[in-house]
Amino acid sequence: MKTLVLVEHDGSAIKDATLSTVTAAKALGEIHLLVAGSNVGDIAKAAAAIDGVGKVHVADAAHLEHQLAEDVAPIIIDQMGHHDAFLAPATTTGKNVAPRVAAKLDVMQISDIISVEGEDTFTRPIYAGNAIARVKSSDAKKVITVRGTAFDKASAQGGSAEVETIDAGSSGGKSSFVGAELSEGDRPELTSAGVIVSGGRAFGSEEDFHKLLDPLADKLNAAVGASRAAVDAGYAPNDYQVGQTGKIVAPEVYIAIGISGAIQHLAGMKDSKTIIAINKDEEAPIFQVADIGLVADLFKAVPELTEKL
Amino acid sequence: MKLLVAVKRVIDYNVKPRVKMDGSGVDLQNVKMSMNPFDEIAVEEAVRLKEKGVATEVVAVSIGPAKAQETLRTAIAIGADRAIHIQTDETVEPLGVAKLLAKVAEEEQPDLFILGKQAIDDDSNQTGQMLAALLDWPQGTFASKVEVDGDRVGVTREVDGGLETVKLATPAVITTDLRLNEPRYPSLPNIMKAKSKPLATKTPEDYGVDIAPRLETLEVTEPPKREAGIKVDSVDDLVAKLKDMGVA
């Protein structure tokens with residue numbers, strides 16, 4: 001099978017989720033990458049260096065700067081004339097564009113796969129990760145999104161793929177980019193961090209959330225996450241949210257502080273290697289999945305922990 | 001401006017799903033069902049646009065078994081004007097749903113089609129995007145803010161790095177994220193009134209859409225279980241554990 005993988009990038013670097021998607025694609029056959037964007041020469045070069053890649057197709061045009069689904073999907077559909085499968089990371093970018101491609105090709109997408117069992121058979125979580133479905137596709141072409149945390153990252157070095165410029169099309173004019181508000185920070189990115197400290201509603205205020213969690217995260221070189229309750233209460237920005245409707249993470253160590261452990265939250269983090277929970281309620285469901293639990297008041301335990309690390 | 005909203009009847013989000021022993025799926029017998037939470041947000045947003053005078057009519061659509069009518073009555077009780085039920089006992093995949101909704105859109109000619117970003121049972125996150133593709137309409141997915149401005153609509157989207165705002169020409173498809181709004185509880189008088197509002201019943205055949213599934217579910221299993229671990233008594237013990245793991 002010839003697969004096409006969408007390279008996720010922010011204009012300056014390739015996102016790690018792409019590397020995991022390449023690993024998933026390796027199980028299917030020959031790998032081609034697609035880089036779409038504006039002034040993406042360096043991204044294309046970096047893509048060509050990813051281990052195991054056969055070819056890099058580059059669509060470089062001003063109207064692709066923000067990679068709107070309406071503009072990127074036609075380029076992918078065009079490429080699917082000579083590819084058998086399209087894989088995208090199950091990030092907000094991939095989730096936005098892939099179903100648009102699938103519908104145009106008249107195929108049913110397979111979302112958020114966690115394993116490749118064969119050319120047409122895959123597993124994916126359903127019901128907020130409370131069940132795993134093994135599904136077989138009868139479509140001639142496959143359109144798939146890949147859960148990054150379920151696959152190892154391909155090496156970003158060692159490849160020497162050929163880079164080919166392709167037709168970037170033109171803007172359909174039905175959608176335009178207005179602006180973005182991106183969360184700033186020099187901490188590791190949530191979905192690829194080795195350690196995550198995550199806070200819940202028990203923090204009580206935005207001020208305490210940051211005052212207590214930020215120094216702890218800095219000590220552990222960790223990313224900061226949050227439960228939906230903490231996000232809804234305004235303690236943390238939206239993109240901190242870990243869960244079924246937020247980000248899916250699987251770090252080495254996940255430290256859940258003041259988080260009860262609702263199924264919606266567990267769906268986003270229960271594949272973490274080690275889960276540590278700090279909660280003053282010893283009946284909290286989070287303790288049923290935690291490898292290490294500490295029943296304590298977070299307002300005392302977190303500063304003490306930060307100090308002793 | 002005319003709005004269509006799509007709603008799905010799913011297992012209630014508070015229920016812990018049980019996988020059937022024979023691996024054929026999740027047990028939905030005698031389980032509480034509700035409107036998909038993201039769809040409640042879609043209905044609420046449409047009703048708010050009507051209350052602001054932006055929308056003139058809100059039509060709710062659902063595809064599924066006879067009981068999906070309860071979900072449509074809920075949508076009407078929240079404030080939808082009427083409903084269309086496409087009745088089928090088959091499992092309809094997002095592609096089939098999108099094809100049916102596209103037919104409804106051709107018939108109803110809405111300016112906006114609002115859907116939830118994903119259903120909490122299949123977790124696909126596809127239908128809105130597929131619908132937009134089939135209609136060749138622009139899409140505003142994972143919306144946390146919607147602002148109609150003449151024949152354009154501004155949509156603030158929740159993306160991995162933060163927020164992004166796009167402007168779409170109508171007609172357009174919008175899918176809702178959780179933060180778009182807080183859905184109201186339908187009042188008892190509105191629930192009573194909803195019973196007498198128009199609800200049309202159709203079938204997939206009426207629209208000439210083939211809904212045969214493309215994906216075969218071979219097996220549904222429980223995810224690997226995580227066992228509860230140990231409890232430590234003090235922060236010192238926790239620090240020691242972290243040091244053992246090489247984290248600190």
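Biologist: What is the area buried between chain A and chain B?

Modeller: Keep in mind that this is a predicted model. In terms of contacts, 82 residues of chain A touch 77 residues of chain B. Carbon and sulfur atoms give 55% of the area buried between the two chains, and the total comes to about 6,800 Å².

Biologist: OK, and the charged side of things: how many salt bridges does the rule find across the interface of chain A and chain B?

Modeller: One pair to look at is Lys99(B) with Asp106(A), whose side chains meet N to O at 2.7 Å. That sits inside the 4 Å cut-off, so the pair counts as a salt bridge. Across the whole A–B interface, the rule's tally is eight.

Biologist: How many charged residues are on the side of chain A that touches chain B?

Modeller: Polar contacts link 49 residue pairs across this interface, both partners being at pLDDT 80 or more. Split by class, chain A's side has 37 nonpolar and 23 polar residues, and the charged ones number 22.

Notes:
Residues are numbered from 1 along each chain as its sequence is written. Chains are lettered from A and ligands numbered from 1 in the order in which they are written. This is a predicted model: local features need pLDDT of at least 70, side-chain atom pairs count only at pLDDT 80 or more; totals for chains, interfaces and linings use all residues. Side-chain values use heavy atoms; hydrogens and water are left out. Contact means heavy atoms within 4.5 Å. Buried area is the accessible area (1.4 Å probe) that two parts lose on being put together, summed over both. A polar contact is a pair of N or O atoms within 3.5 Å; within protein, one must be able to donate a hydrogen and the other to accept it, and residues adjacent in sequence count only if both atoms are side-chain atoms. Ala, Val, Leu, Ile, Met, Phe, Trp, Tyr, Cys and Pro count as nonpolar, Asp, Glu, Lys and Arg as charged, and the others, Gly among them, as polar.
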